[in-house]
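I opened a new entry today.

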Amino acid sequence: MRSLTRKAATVGATLALAMSGAVLAAAPASAATSCYASSCTGLDPATTTCANDAVTVSTDGNLELRYSPSCRAAWARDKNAVYGESVSVRNHQGDSWDYSTVTYVGGSIWSAMVNDKDIQSQAGSSGTNGHFQTGWY
């Protein structure tokens with residue numbers, strides 16, 4: 001009798017474990033993006049999921065045009081900005097967002113994002129180091 005009770009308990013525990021695995025496996029495997037294309041316009045990439053898969057698609061000096069494939073959005077970034085420098089990004093639809101900085105040498109600055117779904121974007125910067133502009137992407 002004890003053997004039968006132990007087997008039933010083992011089978012029950014195995015079934016419960018298998019069912020909980022099936023429930024967990026049904027959950028989505030990836031997190032949703034926090035914005036997409038035009039809904040990203042004007043948002044800070046650091047406060048969204050867009051920065052997670054971002055790649056640099058064009059550069060000019062320290063200026064970078066960053067792009068998120070999952071969000072279909074772009075922004076400007078300078079990882080070595082100097083005091084008084086500003087960066088901006090624009091797209092062919094005329095959306096433009098600026099970020100002015102008061103950081104010191106060695107600071108990172110970036111712009112808000114613009115829609116980059118099926119259109120092109122470009123980053124620009126100006127300051128004491130001069131004017132820089134990336135290619136369109």
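**Cysteines**

I began with C35. Its relative accessibility is 5%, so C35 counts as buried, the cut-off being under 20%. This is a predicted model, and I read every value with that in mind.

Next I looked for a partner. C35 is joined to C40 by a disulfide, with an S to S distance of 2.1 Å. I checked C40 too: its relative accessible area is 0%, so C40 is buried. Which hand does the disulfide of C35 and C40 have? I looked up the torsion about the S-S bond; it is about 100°, so this disulfide is right-handed.

How many disulfides does the count come to? I get 2. The other one joins C50 to C71, with S to S at 2.2 Å. Here the torsion about the S-S bond is about -100°, so the disulfide of C50 and C71 is left-handed. I then placed its ends along the chain. C50 lies in the loop between helix 1 (2–25) and strand 1 (55–60). C71 lies in the loop between strand 2 and strand 3. The two are 21 residues apart, and the pair links distant parts of the chain. C50 and C71 are both buried.

I numbered the bonded cysteines in sequence order. The pairing reads 1-2, 3-4.

**Nonpolar cores**

I turned to the side chains. In soluble globular proteins, nonpolar side chains tend to be buried together. The largest nonpolar core in this chain has 10 residues. I listed them: L63, L65, A74, A76, A81, V87, V89, I109, V114 and A123. Which strands each supply at least two residues of this core? I found strand 2 (63–68), strand 3 (73–81) and strand 4 (86–91). Strand 3 gives the most, with 3 residues.

I also noted a second, separate core of 8 residues. Among them are C40, C50, A73 and M113. Two of these names were already in my notes: C40 is bonded to C35, and C50 is bonded to C71.

**Whole chain**

The protein chain has 1 helix and 9 strands. Along the sequence I read α-β-β-β-β-β-β-β-β-β. Of the 137 residues, 32% are buried. I looked at contacts with a separation of 6 or more; residues 24 or more positions apart account for 53% of them. The chain exposes about 8,100 Å². Carbon and sulfur atoms supply 57% of that area.

How values were computed
Residues numbered from 1 in each chain as written. Predicted model: local features only at pLDDT ≥ 70, side-chain atom pairs only at ≥ 80, totals over all residues. Heavy atoms only, no water. Helix = DSSP H or I, 4+ residues; strand = E, 2+ residues; numbered from the N terminus. Buried < 20%, exposed > 50% of the residue type's maximum accessible area, 1.4 Å probe, protein only. Contact = heavy atoms within 4.5 Å. Areas by Shrake-Rupley, 256 points an atom, 1.4 Å probe, with all protein chains shown as cover. Core = buried A, V, L, I, M, F, W, Y, C linked by side-chain atoms within 4.5 Å. Disulfide = S-S within 2.5 Å.
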